[in-house]
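I opened a new structure today and kept short notes. Here is what I looked up, entry by entry.

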Amino acid sequence: MIVGKLVDLYRYKGIAKNIDTAIDYILNNDLLALPKGKTIIDGDNVYLNRDTYIAKPYEDCFFENHENYIDIQIVLKGKERIGYTHISNPTLKVTTPYNDVKDVTKYNNNPEGAVYFDLEEGFALVYTEDAHLAKCDVDGSTVEKVVVKVKIEK
């Protein structure tokens, strides 16, 4: 997982073509002006979901990971708590097996050794091996967010 401010996102160009496509779009568009819902950037290779919500209490949150897409989670306004642990963490337990339509496996929300941080007007680039928890409440604020889905180039 890579975490930072949007102004520094350009530093991660060159990792893969689809990541470059996503970064170029993020840096050259007003993400707050996008309509809610899905925006296609490059077919099923790169797209995003724009949302506005009040973050959830911790007990309603869960860890997840994806097999075919990297996430670039971007908090545009507000603040939410993010959690991270590697999928090899032995205390990470599957609660919902892999769903190939949604490209997600869900896990418990309390694995030992997980790292938590508050994301505020920044990004988290989340790889497939990164079990991550998102949308958790910090201060009751409304969150303006974009999650860019970047297909893994195999």
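Entry 1. With the side chain of which residue does the side chain of Asp71 make a polar contact at 2.5 Å? I found Lys149. I note that this is a predicted model.

Entry 2. I stayed with Asp71 and looked up its place in the fold. Asp71 sits in strand β5, which spans residues 69–86.

Entry 3. I checked the surroundings of Asp71. Its side chain also makes a polar contact with the side chain of His132, at 3.3 Å. Setting aside neighbours within four places in sequence, I listed the residues in contact with Asp71: His66, Ala124, Leu125, Val126, His132, Val147, Val148 and Lys149. I also looked up Asn29, 42 residues from Asp71 along the chain. The C-alpha atoms of Asp71 and Asn29 are separated by 18 Å.

Entry 4. Next I turned to Glu144. I located Glu144 in strand β10, residues 142–151. Its relative accessibility is 16%; buried means under 20%, so Glu144 is buried. Which side chains make polar contacts with the side chain of Glu144? I found Arg50, at 2.7 Å. I also found Thr52, at 2.7 Å. Beyond four places in sequence, the residues in contact with Glu144 include Leu32, Lys36, Asp51, Ile74, Val75, Leu76 and Lys77.

Entry 5. How many disulfides does the structure hold? I counted one. Cys61 and Cys136 form it, with their sulfur atoms 2.2 Å apart. The pair links distant parts of the chain, 75 residues apart. Cys61 is in the loop between β3 (46–54) and β4 (63–65). Cys136 belongs to strand β9, residues 130–136. I looked up burial here too: Cys61 and Cys136 are both buried.

Entry 6. I ended with helix α1, residues 17–27. Which residues of α1 are buried? I wrote down Asn18, Ile19, Ala22, Ile23, Tyr25 and Ile26. They cover an arc of only 160 degrees around the axis, so they lie on the same side of α1. I then looked up what the buried residues of α1 pack against, and found β2 (37–42), β3, β5 and β10.

Terms used
Residues numbered from 1 in each chain as written. Predicted model: local features only at pLDDT ≥ 70, side-chain atom pairs only at ≥ 80, totals over all residues. Heavy atoms only, no water. Disulfide = S-S within 2.5 Å. Helix = DSSP H or I, 4+ residues; strand = E, 2+ residues; numbered from the N terminus. Buried < 20%, exposed > 50% of the residue type's maximum accessible area, 1.4 Å probe, protein only. Contact = heavy atoms within 4.5 Å. Polar contact = N/O pair within 3.5 Å; in protein donor to acceptor, adjacent residues only side chain to side chain. Arc of directions from axis to C-beta.
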